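This report describes parts of one protein structure in plain terms. Look at the sequence and the model before reading on.

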Amino acid sequence: MKLILTTLILLCNVISLYAQVGNVGINTTVPGSKLTVNGSFAAAYGSITSNTYSIGENDFYLSWSGTAAGTMTLPNSTTGLTRTGRTYYIKNISSTNTLTIDADGTELIDNTQTVSIMPGESALIVKTDVNTASGSTYELVLLSKSDGSYIYAVSSSAAEVQNQGVLTTANFDSIDFSTNGGGDFNLTTDTWTCPKSGYYKIEFLETGFHTTTNVAAHRLMSILKNGTSISDQYYTMVILSIAASQRASGYNSVVANLQQGDAIKGSLVMCFGCGAASMTSSVRRMVITRL
């Protein structure tokens with residue numbers, strides 16, 4: 001018994017644990033809060049590689065590096081201990097995959113079921129005092145965004161004559177601007193390859209004309225992701241008899257959640273059966289911005 005008491009006394013002296021007016025302090029004799037730590041602080045660190053994971057009672061900081069798009073599910077609020085105020089730090093260290101934080105069942109994180117964390121981003125989530133099977137049982141306190149300073153712009157002012165009904169890949173011959181030094185756009189294949197997963201705004205513009213008078217020709221502009229259209233836009237060139245070179249412009253834009261390696265192209269076609277047999281594409285531009 002004497003040995004046990006001696007050990008406890010020595011332990012308390014080592015960690016300098018104090019109590020004062022209902023407060024507890026470590027390495028301080030005057031704790032001003034319920035718990036005051038005058039020194040470093042450590043909590044559980046978890047390295048997760050599985051694509052699905054249920055957050056547990058002993059989790060605190062979770063570092064995720066799945067091999068595909070993954071999901072972490074928060075603890076059920078109606079079972080186990082009352083977790084009000086509990087915090088979870090979650091970081092997506094994958095270079096290509098999106099991690100989804102999912103509230104259990106019909107529970108909500110603020111007013112939504114899930115929160116998406118892109119590669120390089122992290123989230124701080126806190127348990128609320130709602131302990132039911134629905135409602136806002138968790139709150140998203142902070143979502144740190146990855147570097148969004150990415151803009152890529154390409155263009156071409158080389159005139160190209162195109163016949164009606166012929167599908168053509170938009171041709172670009174100049175990289176006008178790039179925040180990362182270029183290399184993501186292939187001017188030979190007219191393809192932009194997504195360098196990092198995330199949300200991007202893609203803007204596509206063309207100016208065209210045709211020389212046949214008193215006709216209206218419709219032009220379809222498409223933004224393709226991996227060969228499939230994700231946005232279509234039309235514009236019309238109306239040419240009167242008084243001028244055979246009036247210009248018309250079309251603009252197409254879309255916000256897309258892209259994965260690293262996705263290929264983006266612009267596609268153009270003039271309507272089949274138009275009054276004009278051909279048209280001239282005089283200017284083409286594409287601007288890609290990471291949000």
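## An open sheet

Ile 48 stands opposite Trp 64 in β6. The model is a predicted one. Strand β6 covers residues 61-64 and runs parallel to β4, with 4 bridges joining the two. Both belong to an open sheet of 6 strands, ordered β4-β6-β8-β12-β13-β10, in which the pairing is mixed. Strands of a sheet pair through backbone hydrogen bonds, either parallel or antiparallel. The edge strands of this sheet, β4 (45-48) and β10 (106-109), each pair on one side only. From one strand to the next, the twist averages 25°.

## Nonpolar cores

The largest nonpolar core contains 27 residues, and Trp 192, Ile 202, Phe 204, Leu 258 and Met 286 have the most contacts inside it.

Strand β23 gives the largest share of the core, 4 residues.

## Ser 231

Ser 231 lies in strand β22. Is Ser 231 buried or exposed? Ser 231 counts as buried because its relative accessible area is 13%, and buried means under 20%. The side chain of Ser 231 makes a polar contact of 2.7 Å with the side chain of Asn 252. Leaving aside residues up to four places away in sequence, Ser 231 touches Met 221, Ser 222, Ile 223, Asn 252, Ser 253 and Val 254.

Methods. Residues are numbered from 1 along each chain as its sequence is written. This is a predicted model: local features need pLDDT of at least 70, side-chain atom pairs count only at pLDDT 80 or more; totals for chains, interfaces and linings use all residues. Side-chain values use heavy atoms; hydrogens and water are left out. A nonpolar core is a set of buried Ala, Val, Leu, Ile, Met, Phe, Trp, Tyr and Cys residues joined through side-chain atoms within 4.5 Å. Buried means under 20% relative accessible area, exposed over 50%, partly exposed in between (1.4 Å probe, protein chains only). Two strands pair if DSSP finds at least two bridges between them. Axes are lines fitted to C-alpha atoms, for helices over the stretch in contact, and angles run from 0 to 180 degrees between N-to-C directions. A polar contact is a pair of N or O atoms within 3.5 Å; within protein, one must be able to donate a hydrogen and the other to accept it, and residues adjacent in sequence count only if both atoms are side-chain atoms. Contact means heavy atoms within 4.5 Å.
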